[in-house]
Amino acid sequence: MPRSDVVRASGISKPTVNEVVETLLAEGLITESLDGGTDRPRRPGPRARLLQFNARRRLVVGVDVESSRILALLSDLDGTILGSARRPTPHGGRQDEVVRAVRQTVRDVVAQAEIDWSAVRAVVVGTPGIVDRESGTVRLVPQLSGWEGRPLARLLSDALAAPVLLEHDVHLAVIGEYWRGEAAGLRNAAYVQIDVGVGMGFLIDGTVYAGADGAAGEVGYLPVVRDLPTTAAAAGLGPFEAAAGATAFSAFAAEAIARGDETSLRPVDGGEVSASSVLAAAHDGDRTAAGIVDAVLGHLARGLASIAAVLNPQIVVLGGEVGEQLGAYVPWLQQQLDAAVPAPPRVHVTSLEDQAIALGAVRRGIDTVEAQIFDQIGAATG
């Protein structure tokens with residue numbers, strides 16, 4: 001639109017609009033060019049000069065660091081994803097090895113898009129564990145060796161030579177669902193990530209609630225389950241995640257095999273029976289596997305009912321390596337919640353697959369850069 005339309009739409013004086021426009025033009029955040037007349041009626045007289053947002057002047061990278069892989073997404077300020085890069089997380093790697101892997105993944109996605117690194121103004125990294133925003137440290141993160149208590153925000157910022165914001169992964173995941181996923185447009189939502197552990201991010205009136213210490217959503221510690229499988233209880237997990245996470249499937253399978261139950265389930269290469277294997281065997285008619293699924297999902301339903309009773313979300317989105325595989329069981333879980341709580345939420349499996357955290361990180365990065373731009377405008381205009 002031309003400057004005159006900005007004045008009318010905003011109610012801001014023409015001199016102030018001109019001052020802001022000149023600031024943004026100097027930064028390359030907007031462009032101004034003659035109206036070609038192709039998308040609006042021609043007015044009498046000289047052609048207007050139109051202002052347009054230059055979304056690619058500044059870019060952000062959203063990163064999801066998990067125990068098995070690192071995912072980075074590059075985005076402009078319109079939220080257009082310009083590229084993605086993945087690499088395995090160093091197995092059992094030390095903190096410095098993981099930091100190097102994050103750096104290389106981020107550099108890869110920028111290089112693949114043929115973008116100059118100087119355009120990247122924010123990198124947001126999602127990590128398991130409770131994040132202290134002031135110190136940039138993480139705790140309760142057994143999935144990543146050497147991650148505990150380290151100044152990760154500073155270490156990552158130094159490695160990338162860029163500002164880094166460190167966030168709890170599930171808090172970012174619910175932002176991703178709100179922005180691009182099943183919770184789009186819903187102001188009260190919960191995202192439950194089911195992996196080895198179980199964590200949750202939730203929105204209250206459109207805002208992520210992190211709690212007093214950033215520990216909101218540590219639902220793995222809900223004391224809602226007593227009859228834990230022995231090996232899961234000994235794994236150092238919270239009661240709910242020990243009974244409803246990936247470890248529960250493996251533990252129940254190990255106990256069934258040890259008892260000599262008739263089943264096709266077998267450990268792979270002397271390791272554990274995975275949750276995916278149990279779910280697949282149950283789908284194929286293995287009764288022992290089906291019994292394990294029933295037991296684990298029964299625990300999951302009780303935990304979800306507790307969450308729904310306290311938070312009253314409009315929707316519960318299931319994600320994570322295990323949660324993504326529970327689509328066939330959503331009707332049953334919905335039935336359990338309908339019977340258990342007076343105002344049951346809708347239950348959905350994420351449609352973002354394994355990108356919810358990285359997309360939430362992108363959205364958080366965009367918000368951060370937009371705030372920087374508004375601060376810059378305020379400083380320039382007094």
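Q: Axes here are lines fitted to C-alpha atoms, for helices over the stretch in contact, and angles run from 0 to 180 degrees between N-to-C directions. At what angle do helices α2 and α13 pack, and how far apart are their axes?
A: This is a predicted model, where local features need pLDDT of at least 70, side-chain atom pairs count only at pLDDT 80 or more, and totals for chains, interfaces and linings use all residues. Residues are numbered from 1 along each chain as its sequence is written, and side-chain values use heavy atoms, without hydrogens and water. Helix α2 (residues 14–27) and helix α13 (residues 356–381) pack at about 125°, with axes 10 Å apart.

Q: Why are α2 and α13 called oblique?
A: Under 35 degrees is roughly parallel, over 145 roughly antiparallel, 65 to 115 roughly perpendicular, and the rest oblique. The angle is about 125°. Therefore α2 and α13 are oblique to each other.

Q: Which residues make the contact between α2 and α13?
A: From α2 come E19, V20, T23, L24 and E27; from α13 come I373, Q376, I377, A380 and T381. Contact means heavy atoms within 4.5 Å. These residues divide into 5 nonpolar, 3 polar and 2 charged. The α2–α13 crossing is right-handed.

Q: What kinds of residues make the contact of α8 with α10?
A: α8 supplies A248, F249, F252, A253 and A256, while α10 supplies T288, I292, V293, A295, V296 and H299. They divide into 9 nonpolar, 2 polar and no charged.

Q: What makes S250 buried or exposed?
A: Buried means under 20% relative accessible area, exposed over 50%, partly exposed in between (1.4 Å probe, protein chains only). S250 has 9% relative accessibility, so it counts as buried. S250 is found in helix α8 (residues 246–259). Leaving aside neighbours within four places in sequence, S250 contacts E272, V273, S274 and A275.

Q: How do you know that the buried residues of α12 line one face?
A: In α12 (residues 330–340), V330, L333, Q334 and L337 are buried. Seen down the axis, these fall within an arc of 100°, so they line one face of the helix.

Q: What do the two sides of α12 present?
A: The buried residues pack against α10 (287–311), β13 (315–319) and β14 (346–349). The face turned away from the buried side carries P331 and A339, both exposed.

Notes
Helix = DSSP H or I, 4+ residues; strand = E, 2+ residues; numbered from the N terminus. Left-handed = near helix turned anticlockwise from the far one by under 90°. Nonpolar A, V, L, I, M, F, W, Y, C, P; charged D, E, K, R; others polar. Arc of directions from axis to C-beta.
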